[in-house]
Amino acid sequence: MVHPTLFELSKPGCRAVRWPACDVPQQAVEQLLPENLRAEAPPPLPELAEPDIVRHYVNLSAANMCVDSHFYPLGSCTMKYSPKRNDRLAQWPEFATAHPYQSEESVQGILAILYSLQKMLAEIAGLEAVSLQPAAGAQGELTALLMASAYFRSRGEKRRLVLVPDVAHGTNPASAKMAGFEIVQIASSPEGLIDLTALSQRLDSAVAVFMVTNPNTLGLFEKEIGKACEMVHGVGGLVYLDGANMNAICGIAQPGRFGVDMMHFNVHKTFSTPHGSGGPGAGPVAVTAALEPFLPVPVVRETDGRYWLDYDRPQSIGKIRSFFGNVGVLVRTYCYLRTLGSEGLRQVAERAVLNANYLMARIRHILPVPYNRRCMHEFVATAAKLKAERNIAAMDIAKRLLDYGFHAPTVYFPLVVREALMIEPTETESKETLDRFAEALEKILQEPPELLHQSPQSRPITRPDEVRANREPVVVWKGE
Ligand SMILES: *Cc1c(COP(=O)(O)O)cnc(C)c1O
């Protein structure tokens, strides 16, 4: 069912609220508001009774699948479970009504939280220093690359290249480009991992940064990460870790200890902030002591029990975002980490990996997994054979899953796998849910291909032209 807009539902005279008559004398209005600023007619707003408005929005909210209503195995975007408690805590008026222009003295509590969060993230990263400022993972990448650039400039070195594996997320090369670097793509090995030979062929004194995601976007742990970092350091370059997949290794492996110089966290993927709809996120970066002087301003510091914002940092790359970052999101992160502690964090990662491996073992007989070894928190299956033999594409399976009450996994990413379905169950899903998902896939693959091509059948919108929907979004109702 397509939901009518509020404008279409409007009936003249319907009201949700009745205001008392205006008690400002007409003469006063005329004096206060110059003629040319006065409207000739009221604005053409929809007119509805309260229950109709409430039903409209409640029904609209139910038209979408979400993690509160359905299993949501969307790989890469990593819809980790975000406990509701952290939303509630972040809504405390002490946090929600604070203003960034308040004096440091009046926000000591919030500064203490930010300071402590910097320390916790540094520890998880195994690195020295943290900036909470970037608003998302991609902005964390840009921040770190600008810092790398400033670092090499400070040493009088001219390095123009950033190396990026072919399985990297698109934001990696985009950030490198924005930071003024040239990008060199490195082909992966047949196992879907860093190819040390291919890497060594591109390593020389022009290399500034090697960007790597670990576990990588195929859901595999980079076994040779230590060696790769050593090789990059050998030519004087820096290693950047895209931390979007920290879910699998948080509390288990510290990236700083496998040789990473800088990294970002996507706290809206890993640490309890709902991800999606372009809502606020945060992409804190952690760096080694050598890079610390270049962190954006301000950095939260502590002296004798008093917290303050340090702007006096001559080598800083400056500001990357207004004020101190998305504090509402960072408070959630803090609450999540304090709730779990290091042991809890480790369990979250272990269970995410267990769930992904269980599901992979349940379905790989029907949907083969080309890079088929123990996965981390996600895995990538392929419908290439089904496509060739029965004309069933990854997209058809994804769309049909909606009819079975499951959100679709990520499809067609990463690009190195044809007809890819990238599946990530979170640590919070039960065995029963994973079994139901595997059974649904089994049933779907026994259905006639024609039915799959015409799916979903149960959703208000079925097969939109996705490219056009992105390029020409219709966000304003202009009447019939
Ligand atoms: C999500 C993601 C990013 C980008 O992070 P945003 O927070 O969406 O900007 C980068 N790399 C990988 C691997 C990701 O999954």
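This is a guided tour of a predicted model, stop by stop, with what to select and what is there.

Residues are numbered from 1 along each chain as its sequence is written, and side-chain values use heavy atoms, with hydrogens and water left out. Because the model is predicted, local features need pLDDT of at least 70 and side-chain atom pairs count only at pLDDT 80 or more, whereas totals for chains, interfaces and linings use all residues.

Begin by colouring domain 1 (6-63), domain 2 (85-340) and domain 3 (343-469), whose bounds come from an automatic or database domain assignment. The centres of domain 1 and domain 3, taken over C-alpha atoms, are separated by 46 Å.

Next, select P46, which sits in the loop between helix 2 and helix 3; helices here are DSSP runs of H or I with at least four residues, strands are E runs of at least two, and both are numbered from the N terminus. P46 counts as partly exposed at 26% relative accessibility (buried means under 20% relative accessible area, exposed over 50%, and partly exposed in between, with a 1.4 Å probe and protein chains only). Leaving aside neighbours within four places in sequence, P46 is in contact with L6, F7 and S10, where contact means heavy atoms within 4.5 Å. For a sense of scale, the C-alpha atoms of P46 and L441 are separated by 44 Å, at 395 residues apart along the chain.

Now move to N214, in the loop between strand 4 (207-213) and helix 10 (225-234). N214 is buried, with a relative accessible area of 0%, and a polar atom of its side chain lies 2.8 Å from the backbone nitrogen of E222. Among the residues that N214 touches, not counting those up to four places away in sequence, are L220, I249 and F258.

K223 lies in the loop between strand 4 and helix 10 and E191 in the loop between strand 3 (182-186) and helix 9 (196-202), so the pair ties together parts that are 32 residues apart in sequence. K223 is exposed, at 52% relative accessible area, while E191 is partly exposed, at 42%.

Then select helix 14 (residues 394-403), which is largely enclosed by the rest of the structure because eight of its ten residues are buried. Its buried residues pack against several elements, including helix 13 (384-390), strand 12 (420-423) and helix 15 (431-444). After helix 14 comes G405, with a positive phi near 85°.

Finish with R400 and E447, whose side chains meet in a salt bridge at 2.7 Å, N to O. This pair links distant parts of the chain, with R400 in helix 14 and E447 in the loop between helix 15 and helix 16, 47 residues apart, and both E447 and R400 are buried.

Methods: A polar contact is a pair of N or O atoms within 3.5 Å; within protein, one must be able to donate a hydrogen and the other to accept it, and residues adjacent in sequence count only if both atoms are side-chain atoms. A salt bridge is a side-chain nitrogen of Lys or Arg within 4 Å of a carboxyl oxygen of Asp or Glu.
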